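Could we walk through the pockets and the ligand site of this structure together? I am new to it and would like to go step by step.

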Amino acid sequence: MKNIIDALNWRYATKAYDTNKKLSDEQLLTLIESVRLTPSSYGLPVYKVIHVKDAETREKLKAVAWGQPQITDASDLFVFAVKTDLNDTSVDEYMSLISTTRNAPIESLNEFSGMIKGTLNSLSSEHKEAWASRQAYIALGTLLTTAALHEIDATPMEGFTTTKFDEILGLNELNLKSVVVCALGYRSENDTYASLAKVRESKENIFIEK
Ligand SMILES: Cc1cc2nc3c(=O)[nH]c(=O)nc-3n(C[C@H](O)[C@H](O)[C@H](O)COP(=O)(O)O)c2cc1C
């Protein structure tokens, strides 16, 4: 495993993948665990990740993602999708999960449950989706960092038509909406982007000391 700063310098948004190199089951499990262990607001599960394995489906997705080759050429493709039906039942299910995981009486969670329901019910559906998206992006960040530490190449991607992705993946029926994608695999030797210098502002420009 790389040192964290070396890893973050090593990674780049990969444009061309080596189609012959695939991630192992063990690597995939590490990436999946990194997403699973990502924190979210209240710990509420508000998104799903679709691991798209079918080559034909990935061809269809590429057509509605500006033809970006990473969609088909990377070893694996994760689509982050937010839940569009977040309601009191979602909170009750989460309370049951806490109760069984921690062996805690469900009644001891009433106050916590009420607080989350209060927050959810105060939000419009657009606001709820935006909030859920922010949680999904935290998972995307964890995934990108984990991939880099393990020298796995990755591309975060927003360049796709979400409604078309939803249609192709049948997400509407699952009460889900795609928000962001991550391609994962190994860079092609011919990817000229790999050797470009990283463009970032100085830390003095990013951080404001008060
Ligand atoms: C949320 C998000 C969406 C992005 N969408 C795309 C995309 O659709 N296609 C692509 O090639 N790169 C995409 N990028 C990559 C960025 O352009 C890239 O991360 C940025 O220019 C910094 O370069 P680096 O990641 O190579 O250091 C995206 C990055 C993020 C974080």
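Student: What volume does the largest pocket have?

Tutor: Please keep in mind that this is a predicted model. Rolling a probe the size of a water molecule over the atoms shows where empty space is left. For the largest pocket, the volume comes to about 680 Å³.

Student: Which element gives the most to the lining of the largest pocket?

Tutor: The lining has 21 residues, with Arg36, Leu37, Thr38, Gly43 and Pro45 nearest the centre of the pocket. Two or more residues each come from α2 (25-36), β1 (47-51) and α5 (88-102). With five residues, the element that gives the most is α5.

Student: How many residues in the lining of the largest pocket are nonpolar?

Tutor: Let us sort the lining by class. Three of its residues are charged and five are polar. The number of nonpolar residues is 13.

Student: Which residues are closest to the centre of the second largest pocket?

Tutor: The second largest pocket holds about 260 Å³ of space, and 13 residues line it. By class, this lining has eight nonpolar residues, one polar and four charged. Closest to the centre of the second largest pocket are Tyr12, Ala13, Leu196, Ala197 and Lys198.

Student: How far is a polar side-chain atom of Lys15 from an oxygen atom of the ligand?

Tutor: Lys15 is among the residues that come nearest to the ligand, along with Arg11, Gln68, Lys198 and Arg200. Arg200 places a side-chain N or O atom 2.8 Å from a ligand oxygen, and Ala13 has a backbone N or O atom 2.9 Å from a ligand oxygen. For the polar side-chain atom of Lys15, the distance to a ligand oxygen is 2.6 Å.

Student: What percentage of the ligand's accessible area does the protein cover?

Tutor: The shell around the ligand is made up of five nonpolar, three polar and five charged residues. On its own, the ligand has 620 Å² of accessible area.

Student: Which helix holds both Glu33 and Arg36?

Tutor: The count of salt bridges comes to five. The side chains of Glu33 and Arg36 form a salt bridge, with N and O 2.6 Å apart. Glu33 and Arg36 are three residues apart, about one turn of the helix, and that helix is α2.

Technical notes: Residues numbered from 1 in each chain as written. Predicted model: local features only at pLDDT ≥ 70, side-chain atom pairs only at ≥ 80, totals over all residues. Heavy atoms only, no water. 1 Å grid on protein atoms, 1.4 Å probe; cavity = no way out; pocket = protein on both sides within 12 Å on 5 of 7 lines; lining within 4 Å. Points joined across faces, edges and corners; volume = space filled by probe spheres on them. Helix = DSSP H or I, 4+ residues; strand = E, 2+ residues; numbered from the N terminus. Nonpolar A, V, L, I, M, F, W, Y, C, P; charged D, E, K, R; others polar. Near = heavy atom within 4 Å. Polar contact = N/O pair within 3.5 Å; in protein donor to acceptor, adjacent residues only side chain to side chain. Areas by Shrake-Rupley, 256 points an atom, 1.4 Å probe, with all protein chains shown as cover. Salt bridge = Lys/Arg side-chain N within 4 Å of Asp/Glu carboxyl O.
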